[in-house]
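Open the model in your viewer and keep the selection tool at hand. Each stop below says what to select and what is there.

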2 protein chains.
Amino acid sequence: MSRTVLTPRAEDFPRWYQDLITKAELADNGPVRGTMVIRPWGYGIWERMQAGMDSRIKAAGAANAYFPLFIPQSYLQREAEHVEGFSPELAVVTHAGGKDLEEPIVVRPTSETMVGEYLSKWINSHRDLPLLLNQWANVVRWELRPRLFLRTSEFLWQEGHTAHADEQDAAAYARRILHEVYADFMRTELAIPVVPGRKTRHERFAGAVNTMTLEAMMGDGKALQMGTSHEFGQNFARAFDITYTDAEQHSRLAWTTSWGSSTRMLGGLIMAHGDDAGLRLPPSLAPIQVVVSVVRDDDEGRPVSVARGLVEELITGGIRAELDDRVDIPFGRRAVDHELKGIPVRLEIGPRDLAEDRVTLVRRISSGKQPHPIDGVLPAITTALAEDQHLLYSEAETRREERTADVTGLDEAREAARTGWARIPWRSVGDRGEAELGESGITVRCLVLPDGAVPDTDDPAVEPDLIAVVGRSY
Amino acid sequence: MSRTVLTPRAEDFPRWYQDLITKAELADNGPVRGTMVIRPWGYGIWERMQAGMDSRIKAAGAANAYFPLFIPQSYLQREAEHVEGFSPELAVVTHAGGKDLEEPIVVRPTSETMVGEYLSKWINSHRDLPLLLNQWANVVRWELRPRLFLRTSEFLWQEGHTAHADEQDAAAYARRILHEVYADFMRTELAIPVVPGRKTRHERFAGAVNTMTLEAMMGDGKALQMGTSHEFGQNFARAFDITYTDAEQHSRLAWTTSWGSSTRMLGGLIMAHGDDAGLRLPPSLAPIQVVVSVVRDDDEGRPVSVARGLVEELITGGIRAELDDRVDIPFGRRAVDHELKGIPVRLEIGPRDLAEDRVTLVRRISSGKQPHPIDGVLPAITTALAEDQHLLYSEAETRREERTADVTGLDEAREAARTGWARIPWRSVGDRGEAELGESGITVRCLVLPDGAVPDTDDPAVEPDLIAVVGRSY
């Protein structure tokens with residue numbers, strides 16, 4: 001199989017990434033700077049991501065809703081840090097319906113302010129809390145250095161917004177989303193061994209009192225932030241007057257959270273699992289798990305008809321299978337395309353295979369290629385898919401472990417960040433060390449406790465034990 | 001049960017509609033004129049609509065993709081009729097990332113132009129055709145007289161876009177979507193007896209050579225356009241240079257279609273099925289099909305525990321059931337709320353019911369209320385849901401038939417349109433009659449053949465047989 005379709009990763013990782021997205025037909029650049037067209041193969045993966053996340057979000061008790069794209073500019077201004085953080089990235093509508101608008105309208109960069117306005121309307125009594133909402137939507141943040149999936153001027157995401165009666169309940173829910181929704185989905189389905197942790201004060205979301213994150217190591221050792229969960233304390237409740245009457249009839253300010261994950265996860269998937277032959281999709285997210293590919297047909301059309309029967313058998317067995325009977329296209333070219341697209345298993349059938357009642361089973365992830373009797377191919381594939389889902393995870397985990405160094409000083413951290421991450425005591429970094437590392441393009445990805453747990457916000461008791469995970473990032 | 005929560009339909013239908021949306025917590029007005037917040041109950045219905053439509057769209061061979069929200073203004077101008085049709089409704093971004101833009105950006109009102117640009121890039125050979133795409137997205141059309149769900153400045157929809165090698169294939173596909181996707185979904189799941197037909201030249205989509213529609217009669221006798229399917233001939237192919245090489249290596253222009261359905265269907269659902277007590281949801285789309293409602297608990301908590309067991313039994317039986325054990329809220333108030341929200345079946349359980357090992361089964365659609373032994377409640381409910389799905393459809397169909405008059409002249413048509421629709425030979429109307437009716441606020445909803453079939457575009461052979469369905473509309 002040709003391995004030269006893509007720029008090799010070792011030669012130029014960013015170029016490999018761009019090549020892969022184009023050749024696997026995942027996405028295209030849009031005509032307006034920084035925007036993106038998600039093509040059917042990319043969107044099919046995103047649909048499976050949405051399904052996996054959505055069922056977990058609902059299991060965590062949140063209901064989907066939809067808030068408007070257009071936010072009055074004045075809303076943004078009600079929370080000082082929030083407007084400061086987002087102002088440089090806003091797209092503004094000044095003209096609509098043939099007229100200039102009296103108040104400019106902002107295209108939502110995120111919806112805390114819009115949702116805040118409605119939480120205030122909908123929440124009256126403590127019985128209305130917690131109020132747990134989520135929306136699937138597009139958002140716009142003007143990007144100066146756009147990159148497909150990773151940083152686009154428009155992207156698709158889910159954003160959860162919740163209001164709670166007290167600080168503990170809000171904190172517990174923000175963590176529940178981090179672990180039960182995000183970490184679980186990313187580990188189980190994306191097959192990415194994410195590291196959950198707390199962001200430093202410097203890296204917090206605009207307006208948050210605590211931002212928690214999930215960090216993943218990409219194939220080049222850099223970090224990618226895969227999702228975040230924020231506590232806002234009472235900042236937005238104060239700005240939007242989100243109050244409730246408690247059981248004793250006192251009026252109280254609510255506590256809010258928000259949490260988001262986006263099409264950026266597609267970039268993470270590509271960079272965590274892709275190899276020089278293309279994408280490698282975790283079987284649980286692959287729109288097509290098995291392609292049954294006819295090498296060439298014979299005069300009786302037997303290979304095509306056997307292949308079609310196999311596809312039906314696999315689909316009945318609960319596997320997402322598809323037939324490739326385009327025998328007028330050279331077989332090698334089709335195989336390269338299936339590899340580029342990352343389809344986990346390929347079953348090849350030609351007249352020679354049929355003469356021996358077998359197929360050739362090619363595994364994209366474990367790279368195995370072996371003949372298999374036609375009978376009993378379903379259980380073999382079911383096993384292969386499950387094994388390869390785990391294999392992807394453990395490969396990514398091994399890389400992360402091998403490329404993470406425990407260090408004690410900033411120089412060692414800089415050295416480690418050339419190829420991966422460093423774990424360094426936070427007390428050896430601090431605000432000052434964070435700024436120094438920043439000069440070398442290195443950021444504190446997150447703070448964790450020695451046992452891997454996510455530390456509470458600004459808890460002085462754990463402060464001396466905090467470990468900073470640092471590295472370069474996307 | 002109180003029937004006075006809503007303004008009665010007979011008194012003021014538009015006010016009833018608005019009351020229902022507010023009190024059933026379906027949606028709220030957004031802060032920017034004409035925008036809308038879809039609340040969880042409304043969005044839950046929309047999610048089921050999406051699922052029902054999406055599976056049919058996929059079964060028709062189209063794949064989902066995603067195109068950018070922002071369209072360069074110049075794209076719109078490439079198809080003359082298209083830009084003329086949409087210009088008055090556009091929202092324009094003139095400022096982004098802290099700077100004034102060189103070329104203004106249009107927030108998509110529909111995506112023919114954007115998709116056209118990419119079809120042109122992606123299509124090379126006849127092997128690439130047909131190319132069948134769909135997207136779920138938000139679009140913006142500035143509305144002067146907005147009304148929740150029916151006409152909002154931003155709405156959610158699916159828009160399909162396809163390219164074909166010849167006119168026949170394009171025409172057949174546009175019809176396949178009309179019948180197999182739209183009509184089937186609307187009849188089977190929305191329980192609305194839609195009338196498929198062809199729009200007059202005057203009512204065509206901007207840039208189309210043929211627009212087909214599905215028209216539904218609402219509770220007040222007015223019509224609502226529930227979805228449309230368009231043939232563009234080669235208009236967009238010419239404007240965006242969508243060409244392919246045929247089997248003989250000649251370059252040919254493709255033929256394109258588009259088709260859309262939106263959150264407007266929610267408005268149709270409300271106005272087709274709602275009554276003076278609130279919404280009536282078709283069981284197949286109800287987010288909650290059965291609410292098990294505890295009238296009051298006893299000291300041992302038996303009613304709540306039996307109710308919880310029943311909910312589990314129903315869920316295991318494949319029914320979307322939920323428990324209402326909020327016994328601190330007056331039972332009557334909760335019942336009114338369940339009726340407002342249109343939950344198809346309510347099971348009431350109190351200590352008195354339990355003493356007799358029974359529950360009270362209340363059906364929202366057929367308005368029945370009767371005791372039922374706790375054993376065997378699952379099959380009773382399954383039957384009730386299926387019956388009531390059909391009942392909703394036949395009620396709507398009966399209304400449509402009763403309120404549709406076969407007439408021969410324009411005066412009679414005007415008279416019929418006071419309470420419903422008229423069917424009138426198209427040769428008695430024509431362009432001139434269409435304009436005359438328009439002066440009375442009456443439009444030609446669609447043209448059909450005597451047997452109900454959808455006539456081909458501008459086919460002179462069938463012209464004398466065409467029947468115009470006319471009425472007032474939303």
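This is a predicted model: local features need pLDDT of at least 70, side-chain atom pairs count only at pLDDT 80 or more; totals for chains, interfaces and linings use all residues.

Residues are numbered from 1 along each chain as its sequence is written, chains are lettered from A and ligands numbered from 1 in the order in which they are written, and side-chain values use heavy atoms, with hydrogens and water left out.

**Stop 1: the two chains**

Colour chains A and B separately. A rotation of 180° with 0.0 Å of shift along its axis puts chain A on chain B, with an RMSD of 0.0 Å. That is the relation of a two-fold axis. Copies are superposed by least squares on the C-alpha atoms of residues with pLDDT of at least 70 in both. Which residue of chain A comes closest to the rotation axis? Select Val93(A), whose C-alpha is 2.1 Å from the axis. Of the interface residues of chain A, 100% are also interface residues in chain B, so the copies meet through the same surface.

**Stop 2: helix H1 of chain A**

Select residues 13-23 of chain A, which form helix H1. Helices (H or I, at least four residues) and strands (E, at least two) are DSSP runs, numbered from the N terminus. The buried residues of H1(A) are Phe13(A), Trp16(A), Tyr17(A), Asp19(A), Leu20(A) and Ile21(A). Buried means under 20% relative accessible area, exposed over 50%, and partly exposed in between (1.4 Å probe, protein chains only). Strand E1 (27-29) and helix H8 (264-273) of chain A are among the elements that cover these buried residues. At the start of H1(A), a side-chain oxygen of Asp12(A) comes to within 3.2 Å of the backbone nitrogen of Arg15(A). Just after H1(A), Glu25(A) has a positive phi of about 55°.

**Stop 3: Ala416 of chain A**

Select Ala416(A), in helix H13 (residues 410-416) of chain A. Is Ala416(A) buried or exposed? Its relative accessibility is 12%, so Ala416(A) counts as buried. Not counting residues up to four places away in sequence, Ala416(A) touches Ala405(A), Trp421(A) and Ala422(A); contact means heavy atoms within 4.5 Å.

**Stop 4: Asp324 of chain B**

Select Asp324(B) in strand E16 (residues 321-324) of chain B. Asp324(B) is buried, with a relative accessible area of 3%. Its contacts beyond four places in sequence include Val291(B), Ser293(B) and Arg334(B).

**Stop 5: ring pairs**

A pair of aromatic rings is described by the distance of the centres and the angle of the planes. Rings of Phe, Tyr and Trp (its six-membered ring) pair if their centres lie within 6.5 Å; planes under 30 degrees apart count as stacked, over 60 as edge-to-face and the rest as tilted. Over all chains, the structure holds 26 aromatic pairs. Select Tyr118(B) and Trp122(B), a tilted pair with 5.6 Å centre to centre and 50° between the planes. Both Tyr118(B) and Trp122(B) are buried. Next, select Phe236(B) and Phe240(B): their ring centres are 6.4 Å apart and their planes at 15°, so the pair is stacked. Phe236(B) and Phe240(B) are 4 residues apart in helix H7 (residues 235-240) of chain B, so about one helical turn separates them.

Terms used. A polar contact is a pair of N or O atoms within 3.5 Å; within protein, one must be able to donate a hydrogen and the other to accept it, and residues adjacent in sequence count only if both atoms are side-chain atoms.
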